[in-house]
Amino acid sequence: FFIGFFFSPGPSVLAGAVPSLSSRTRTKTKTKTNNMAQSKQILFEDIFDVNEIDPAGKAFDKVSRLSCTSQNYEMDLLLDVNCDIYPVEVGERFYFALASSLSLHGQADEGNVYDQSTQKSLLDSYEYCMYGRVFQFQEDAASRNSNKVAIYVSYGGLMMRLKGDKRYSTKIQLDSRIYLLMRKV
């Protein structure tokens, strides 16, 4: 099952708008609360730099394979993205998260149904989303003492490989369904 979304920033991102002191305080408090609630369902997050697009050549017209490296955890990411919906260029940077649920309160999702209500969700903070299943974990065979792992996820045929130190991806489980969330930095 694949969900591909592209969101544009809402009216809350107005250039030149300066909130009053009291609304600034409320915003900080609200953001803190949302970040704490989001930590329940966020399985992995980092900022990635796009190093190369379609390193093995272009296979499909509307899909690009991104080769990226993370800034904080030295992870490598190969990711197929619908480039018609979400165009990405070499040198761009994006915030990337894997989540078990879109609920801000960490509630489990009910099956394969996307709630299209107007309730706030993690999608409000991102520009692109996909839903898929973790289908493989691969330990680094080069060394018995290696702590490197490659995690493979299929998003309805669009593939992802996240490779790096397994201590940063301990929350991700084999055969689990997860959301991929992205926004450009």
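**The second largest pocket and its setting**

Author: The protein exposes about 11200 Å², of which carbon and sulfur atoms supply 50% (Shrake-Rupley areas, 1.4 Å probe; for residues, only the protein chains shown count as cover). The model is predicted: local features need pLDDT of at least 70, side-chain atom pairs count only at pLDDT 80 or more, and totals for chains, interfaces and linings use all residues. Residues are numbered from 1 along each chain as its sequence is written, and side-chain values use heavy atoms, with hydrogens and water left out.

Of the 185 residues, 37% are buried (under 20% relative accessible area, 1.4 Å probe, protein chains only). Among contacts with a separation of 6 or more, 64% join residues 24 or more positions apart (heavy atoms within 4.5 Å).

The second largest pocket holds about 190 Å³ of space (an open set of points on a 1 Å grid, with protein on both sides within 12 Å along at least five of seven lines; lining residues have an atom within 4 Å of a point). Its lining includes Asp-54, Pro-55, Ala-56 and Gly-57, together with Ala-59, Phe-60, Val-63 and Arg-65. Asp-80, Gly-157 and Leu-158 also belong to this lining. By class, the lining residues are six nonpolar, two polar and three charged; Gly counts as polar, and Asp and Arg as charged.

Asp-54, one of the lining residues, sits in the loop between strand E2 (42–53) and strand E3 (63–70). Because its relative accessibility is 15%, Asp-54 counts as buried. Its phi is near 50°, a positive value in a residue other than glycine. Most residues other than glycine have a negative phi. Asp-175 likewise has a positive phi, of about 70°, without being a glycine. The loop that contains Asp-175 runs between strand E8 (158–165) and strand E9 (177–184).

Strand E9 leads on to the sheet pairing. Strand E6 (residues 128–139) runs antiparallel to E9, joined by six bridges (strands pair if DSSP finds at least two bridges between them). In that pairing, Cys-129 stands opposite Leu-181 in E9. E6 is also joined by six bridges to strand E7 (residues 148–155), again antiparallel, and there Gln-138 stands opposite Ala-150.

Conventions:
Helix = DSSP H or I, 4+ residues; strand = E, 2+ residues; numbered from the N terminus. Buried < 20%, exposed > 50% of the residue type's maximum accessible area, 1.4 Å probe, protein only. 1 Å grid on protein atoms, 1.4 Å probe; cavity = no way out; pocket = protein on both sides within 12 Å on 5 of 7 lines; lining within 4 Å. Points joined across faces, edges and corners; volume = space filled by probe spheres on them.
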